[in-house]
Amino acid sequence: MAKFEPQFATALEQQDFNRLNSAAFKVQELRDYGYVVLRVDANTEGAAHALAKLDISVPEPLTMTGSLDSHLVKWIGPSEYGITLPLAQKDAFIKAAKEALQGVFAAVVDNSGGYSFLHISGTQRYEVLSKLALYDLRGQLPLGKVVSTIAAKSGVIVYRVEEESLRLMVRWSFAQHFWNALVKASEEYR
Amino acid sequence: MFLIRCPYCGEAREEQEFSYAGEAFIQRPPLTCSDEEWGDYLFKRKNIKGVTTEQWLHSAGCRRIFVMERNNVTYEILSIYTFESKRGAA
Ligand SMILES: [Zn+2]
């Protein structure tokens with residue numbers, strides 16, 4: 001039997017990103033981030049101590065704490081947090097989190113392969129996205145906010161850590177469809 | 001199409017983000033119940049025309065279930081609350 005050789009791939013690496021690379025609308029797929037889902041109620045016994053040990057402060061609804069350099073903790077729901085972190089630090093973080101949360105009613109799951117991570121910029125970014133998204137991203141997504149919503153019928157998590165761009169996560173299985181929707185919606189700005 | 005204010009997210013969101021999750025506050029009968037009681041529990045619903053008490057799931061958002069009282073004729077939403085707050089109030 002052939003030895004299993006894991007391959008590093010992202011959902012959209014076959015796509016031609018030159019098609020979405022203008023000053024008006026630019027999309028990049030980020031390859032260097034991992035995604036870890038942390039499920040814990042901060043009021044659970046032992047949770048506060050473990051979270052402090054991991055340097056995680058629990059975000060308020062629809063907000064984020066930390067940064068992309070170490071770990072960006074996003075509020076997804078009550079007791080559910082999505083953590084984006086540099087891929088190189090991901091395995092060590094999961095190991096540390098599992099150790100710190102030992103005996104606490106909590107779950108740490110690596111979901112790095114589950115999503116495509118997109119960086120969306122350009123002067124017409126809101127015009128393009130407003131064709132697809134239900135949420136008012138221009139008016140209601142200030143810096144530091146995260147929303148889980150629907151765009152082009154796909155579930156997406158959108159957040160802002162920079163003034164001039166948006167970050168968007170879409171499930172791997174929806175990424176190709178979402179890409180096609182972005183290409184079509186941005187046609188008039190190319 | 002209406003806007004629903006999710007009590008967990010604290011924001012009004014499009015109906016498309018939510019899924020209807022059935023009538024609220026249906027009591028599960030004890031294991032000693034009769035077949036008829038069990039059948040009623042599984043299948044019988046009030047099917048009210050007017051003000052109903054429903055469960056809704058914020059499926060594309062925080063993925064939590066909450067309670068919504070609404071008039072299914074006029075589509076007016078009368079109240080939205082979490083199961084936790086109901087428990088606290090009782
Ligand atoms: Zn919600």
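The centres of domain 1 and domain 2 of chain A, taken over C-alpha atoms, are separated by 24 Å in this predicted model. The domain assignment places residues 17-30 + 113-189 of chain A in domain 1 and residues 33-112 of chain A in domain 2.

**Contact between the domains of chain A**

- Domain 1 of chain A contributes 13 residues to the contact, and domain 2 of chain A contributes 12 residues.
- On the side of domain 1 of chain A that touches domain 2 of chain A, at least two residues come from each of β7 (115-121), β8 and β9 (154-159) of chain A.
- Strand β8(A) provides the largest share of that side of domain 1 of chain A, with 3 residues.
- By class, the side of domain 1 of chain A that touches domain 2 of chain A comprises 8 nonpolar, 4 polar and 1 charged residues.

**Open sheet of chain A**

- An open sheet in chain A is formed by 5 strands in the order β3-β4-β5-β2-β6, and the pairing is antiparallel.
- Strands β3 (64-66) and β6 (106-110) of chain A lie at the edges and have a single partner strand each, so one side of each has no neighbour in the sheet.
- From one strand to the next, the twist averages 25°.
- Strand β2 (residues 33-40) of chain A is joined to β6(A) by 5 bridges in the antiparallel sense.
- Residue L38(A) has V108(A), in β6(A), as its bridge partner.
- Helix α2 (residues 87-100) of chain A packs on the sheet and touches β2, β5 (80-86) and β6 of chain A.
- The direction of helix α2 of chain A makes about 20° with that of β2(A).

**Architecture of chain B**

- Chain B contains 2 helices and 6 strands, and its elements run β-β-β-α-β-β-β-α from the N terminus on.
- Along the principal axes, the C-alpha atoms of chain B fill a box of roughly 45 × 30 × 25 Å.
- Of the 90 residues in chain B, 14% are buried.
- Among the contacts in chain B with a separation of 6 or more, 46% are between residues 24 or more positions apart.

**Strand pairing in chain B**

- Strand β3 (residues 19-23) of chain B pairs with strand β4 (residues 51-57) of chain B in the antiparallel sense over 3 bridges.
- Residue S19(B) has L57(B), in β4(B), as its bridge partner.
- Strand β4(B) is also joined to strand β5 (residues 65-71) of chain B by 7 bridges, and these two strands run antiparallel.
- Residue T53(B) has E69(B), in β5(B), as its bridge partner.

Methods:
Residues numbered from 1 in each chain as written. Chains lettered and ligands numbered in written order. Predicted model: local features only at pLDDT ≥ 70, side-chain atom pairs only at ≥ 80, totals over all residues. Pairing = 2+ DSSP bridges. Helix = DSSP H or I, 4+ residues; strand = E, 2+ residues; numbered from the N terminus. Axes fitted to C-alpha atoms, helices over the stretch in contact; angles between N-to-C directions. Contact = placed C-beta atoms within 7 Å. Domains from an automatic or database assignment. Nonpolar A, V, L, I, M, F, W, Y, C, P; charged D, E, K, R; others polar. Buried ≥ 20, exposed ≤ 12 C-beta atoms within 10 Å, placed from the backbone.
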